[in-house]
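Please look at the sequence and the model before reading on.

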Amino acid sequence: MNSLQSFKEFSDGNQWLVIWPETALALVAVLLLVLELLRPARKGMPSLAGRFARLSQALILIFFLLDFLVWRPSWDRSIFSGLLSQGFRSDIMRSLFLLSSLLVSIIGEVYLRRRNLPRGEFHGLVMLASAALMLLAQSSHFLMIFMALEAAAVCFFVLVGYRRASAKSLEAGMKYLIFGALSSSLFLFGIVLLYGVAIGPEAWGCQAIEFGSGDPLEFHYLGEFIALNAEHPLLRAGVVLVISGIAFKIGAAPFQIWVPDVYHGAPTPVTCFLLVSSKAAGFFLLLNLVNGPFESLVDFLAPLLGVVATLTIFFGNLAALTQRNVKRMLGLSGVAHAGYMLVGVIASMYFPGDSDRATWAVIFYLFAYLLASFGTFGVMCLARHPGGDAEQDLEHYAGFGRKRPFLAFVLTVGQASRAGLPISAGFVAKLLLFAVAFQAKLYLSLVAMVVGVVISMYYYFGWIREALFDPPPPFSDEEVIADPWAGADPDPTLKLTLFILTAALLVLGLWQGPLGDVF
Amino acid sequence: MEIGIDQIVLLATIGIPFLASLVLFCGFVASDADVKRLGCLAFILPFAGSLWLFLRFDYGIEAGNQFSVLFERVGLQQFGIMFHLGLNGVSTPLFLMTGIVGLAGGWTAICSRTDRLRLYLALLTLMHSGLLGFFASVDLFFFFLFHEFALVPSFVMIGLWGGRDRRGAAMKLLIYLLVGALLTLGGLVALNVYAEADRFDFPTLSLALSEMVADGEFGEVTQFKIFGLLLFGLGILVALFPFHTWAPRAYAAAPSSLAMLHAGVLKKFGLYGLAQVALPLLPLGALQWSSWLIWLALGNILIVGFVALAQTNLRKMIGYASVMHVGYCFLGIGVLTALGVGSAVMLMVAHGLSVALMFLLSKYIDQRCGTFEMDKMGGLATKTPILACLFVGGCFAMIGLPGFGNFWGEFGIFMALGEIPETRFALGLASFGIVISAIFGLRAVAKVLFGEQTDAFLAAEKDQAVKDLEITEIAPAVLLLGSLLLIGFWPRSISDSVDNELMSPKRYLVSQAGNAFGLPSCCASGVSSALANDANVTTDFNGSIGISKDFPESNTTNE
C-alpha cells in the first residue's frame, strides 16, 4: 500500500519538473548522438553537434539561473519521498556543474577539432556526467548518492580514455577505472555497514530511535541514529569508509595516488573536467555529510580529517614542486587545493547549521577554482605538442609572452589566482578559508596551509617565469623544439570565454557584490 | 561621507595611474609618442595630487584621518572589509614622498630607451597606484591588497627587463616577499578575527582592541603571537637582518626605475605597517618583542654594513647600503617611543628619496662607464662635473650628513635610544654604523669620480665621448636632491604632522602601556620638540626650526 501511495504521488505531482535541467541535459545528450549520425562533422570544421551542445547548455544554464534566482518563491523543498532535497546551496552547486559542463564543451570543441577526434559523443558524455553530478548535489539519500556517483563515474571512465590512439590516454583510463572501482566499493561497503547497523539496531547492541521506523539510508533518520550511537565502532567504521570513498574523488591523501597519472594521460579538457566538476561534487557531498548525518561525530572526524588535510597539502605541494609536465603539475596542485578546502570542511563542522560561513567559503573556493582552471586549460587546449597531448612541458611555454600576449595574460592571471595572489578571486577565496579556519581555532591546519601556499609559489611562478621571461639562448647542439603554438589562434568563442573568465577572476578579487553578503 | 575637492583629488591620485595602466595594457594607445605622453600624465598628476593633499593636510586639528573616502559596498562586509581611503599625519609625508619618487622614477623610465615601453609603463603605473594606495588605505585589507598590486609587477619587470641574473633574482624576490606577505596576512586575519569589529579599519580596530585590553581579554600572550607574525612578515618585506639577502640581489638585477620605486617606496610598506598598525594596535606584544627587534636592527646596521663595505659593484653597494639604513628605521620603531617612531618615519621619507637618487645616479654612471664595477671606474669628475656634484650630494645624504633629510631621522633615533637607559647600549653600537656608511660612501665617491682614468674607461671613451648629464636627466635627480635638502633645512615641514598623529592621546597606546610596564614617561616627547631643542644649540641657520621651541614639552600622553 505504502509503495502504491508513493507511486501515486510520483505520477500525480509535478515533481519531475523540479529536475528539469538534469532531464534536459540528458535529452540533449541523446539528441546529440542522433545528430552526429545524421550530420557527421567534417575534419577540422566546426561541428553542428558541438554548436548545438554549447547553445543548449547555455540556454539551460540561463533558464536555470532565472528559475532559482528570480522565479522560484522558496528554495527548500524535498521531493521523491526524500530522495532529493533542494536548497539554495544545492542550487548554487547545480549551477556550478552546469557552468563547468558548458565550459568543457567550449574548450573540448577546440581541442577535438585540432586533433580530428569525434565530437558528438564527447559532448553527450560530458552532459550526462554533469546531469549525474547535479543530481548528486541534491541527494539526501545514500541510494541516490550511489546511483548518481556511479552514473557520473561511468561517463568519466570513457572520457578519460577518449583518445583511443594514445597509449597514455588508455593507461589513464585503465588506472582511473581500477581506482574508481576501488573507491566505489569502499563507499558501498561503508553504506552497507551503516545500513546494516541502522536496520537492526538491537542485534548490534545499539539504541533504536524511539519513534518507530524510518528509512535508514535517508540522511535525517541516519543522522539521528548516529547521534544516539556515536560511540559504536561499526558505525564509525562505516563513516570512515564512506569518507574514504569520497577522498578518492577529491584526491585527498592517502587516496591521491591515481591523480598524477590520470590527469597526465586524460585529454586536456577532460583533465579540467575532472579537476573541477568531479572534485566539486566530492566536496559538496562531504560538506553535506559532515554537516548532516555525520554531524554528531565532530570530535572523531575533525582530527581525522585534519591529519588527512595536512598530508594532502604537503603531498600535493611537494610532489608538484619537481614536475616539468604542466598537466601533472596542475593535477598535483589540485591535490594541494583539495587539502586547503578540506580545512574549510573541518571548520564548517564547528559552525552551527549546514549553511554557515565555512561552507560558503568552500563553495566560493570551488567557484574561484573553476574560473582559474578553465582559463588555464583553455590555453593549454590550443597547443599541439610534438610528443602528443599528454607531454605538455614547461619548455613548450618558453617565449610564450612574446608570441601570444593575450594567452599569456590569461595564463598568468589563472596562475596568480591559484597561487592566491591579489587581485584575484583565488586570493579572496584563500582569505576566507584562512579566516574561517582561524575562527574555528584550527591553528595547526592553518600553519600547514600557510607553509603549503609558500611552497606552491615556486611552481606556480616557475611556469609564469617560463612563459613570460625571455628564454636563455639555446646551446648550439640543442635540438630545437617545433613551436607547439603554430596556428593556435583561439576562435572568437574561445577568446570571448577566456576573456570573461579572466575578467571574472579579477573582478571577484576586488568586488564580491552580493556574494559577500552570504558569508 | 561628503565628497569634497580633496576627496576627489585623493581618489584621482590613486585612480589615474591605475586607469593609465589599464589603458596601456589593453593597447588603446599605440604610438610611442602617445604612450610617453600618457605615461607622463600618469606620473605628474599623482605627484601634483600628493603635493596638494600634503599642503591641504591640516595638522592643527585633532589627529586622525582626513580626506576620508568610504565605499561601504566594496569589500566583504561580513568581515567588516570596506574600501576606505584617508590620510593621517604619518601617512601624508610618505604619500608625498611616493609622489616625488614616482615622478622621478617614471620620468627616468619614459626617457629610457626600453624595449616594449608600453608594457613597461603599464606595469610601472600599476605599481605606482599600488604604492600610493597602501599609504592612503585606512582599511587594513585594502592596505594589504594595494601592496600586492605593487609587488607582482616588480617580479615581472625584473624578469623581463632586468640585467644579469634576472631569472634567479626575480624568483628569489618573489618567494621572499610572498612569504612575508603571507605572514602579514596571517597577522591581519588574526586581528580581524580577534577584534570582531564591524569595520576592519585602523581607528575602529584600535578602539575595539583597546576596549578588549581594558577588559583583560586581549592579553599579552595573544598580542605576543600576533605581533610576532606581523614583525617577521613585515620584516621580511623590508629586509630585516636574517631575511635580507633577496634585496641587494634583486636591486642589482632590476631596471633602474623599478629599483628606485622598489627600494624607495615599496620597501617602506613593512616599516609603515609596523609603525601605523602593529605598534598602536598591539602595544603589549610590541613591548615583548622590542628587544628582539633592536638586536635584529643592529644586525642590519653592523653586519650588513660590513657586507656593504666589501662590495666592489656600485649597484650592489647601494643595495646593501639601503638595507643597512633600514636598520635605523627598525631601531627607531624598536624603541617604541613617539620620538623613536616619529624619527623612523622621517628617516623613511628621507631614505626613500636618497635611495632612489642613488639608484638613479648609478644608472647614469653605468651609461657613461659601461660598468658597475668600481675598480674599473675613475676620474669621472673631470668629464661630468654636474653628475659628480649630484653624486657627492647623494652620497652625503646617504651617509646622513647634516643638511639632508636623513640626518634628522638618524639623529632623532639616536636621541630616542639615548633617552631610555635600557637601549643606550644600542646607541653606542648603532653610531658605529655612521662610520661604516661614511667609509663606503666616501670610498665610492673617490673611486668613481676621482683618481686616474682606468684603461677600460679610456677604451669606452674611444667610441663615444663621455658627455655630462642632459637637462632631462638632471631634472629627476634635482627633484630628489632638492626634496632631501628641503627636509634637511626645514624638518618641521614633515615632523609636525607626524608628531600630531603619534602624540594624540586617542592613538598612542604604546606609551600608556609603557607607563604601566615601567618605561620612563619621557618616551612620549615628540620629534619636533626634541629636534628643535637641539637644533637651537647646534644649527640655528634656519629660523623656522627655532619657532618650535614653544612646542609643549609635556602633553596628554604623559602621566
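A residue counts as buried under 20% relative accessible area, as exposed over 50%, and as partly exposed in between, with a 1.4 Å probe and protein chains only. This is a predicted model, in which local features need pLDDT of at least 70 and side-chain atom pairs count only at pLDDT 80 or more, while totals for chains, interfaces and linings use all residues. Residues are numbered from 1 along each chain as its sequence is written, chains are lettered from A and ligands numbered from 1 in the order in which they are written, and side-chain values use heavy atoms, with hydrogens and water left out.

**Two buried residues**

Helices here are DSSP runs (H or I, at least four residues), numbered from the N terminus. A:Asp91 is counted as buried because its relative accessibility is 0%. Its side chain makes a polar contact of 2.9 Å with that of A:Arg94; such a contact is a pair of N or O atoms within 3.5 Å, where, within protein, one must be able to donate a hydrogen and the other to accept it, and residues adjacent in sequence count only if both atoms are side-chain atoms. B:Ala444 is likewise buried, because its relative accessibility is 0%.

| Residue | Helix |
|---|---|
| A:Asp91 | H5 of chain A, residues 88–115 |
| B:Ala444 | H18 of chain B, residues 424–449 |

Leaving aside residues up to four places away in sequence, B:Ala444 touches B:Met317, B:Met374, B:Phe391 and B:Leu449, contact meaning heavy atoms within 4.5 Å. Between B:Ala444 and B:Ala426 there are 27 Å in space, C-alpha to C-alpha, and 18 residues in sequence.

**The nonpolar core**

A nonpolar core is a set of buried Ala, Val, Leu, Ile, Met, Phe, Trp, Tyr and Cys residues joined through side-chain atoms within 4.5 Å. The largest one holds 400 residues, of which A:Phe142, A:Phe461 and B:Leu331 touch the most other members. Helix H14 of chain B (residues 338–369) provides the largest share of this core, 21 residues. Among the residues that B:Leu331 touches, beyond four places in sequence, are B:Ile294, B:Leu298, B:Leu417 and B:Ala426.

**Where the chains meet**

In the interface, 36 residues of chain B are in contact with 35 residues of chain A. The count between the chains is 1 salt bridge, a side-chain nitrogen of Lys or Arg within 4 Å of a carboxyl oxygen of Asp or Glu. A:Glu466 and B:Arg167 form a salt bridge, with their closest N and O atoms 3.7 Å apart.
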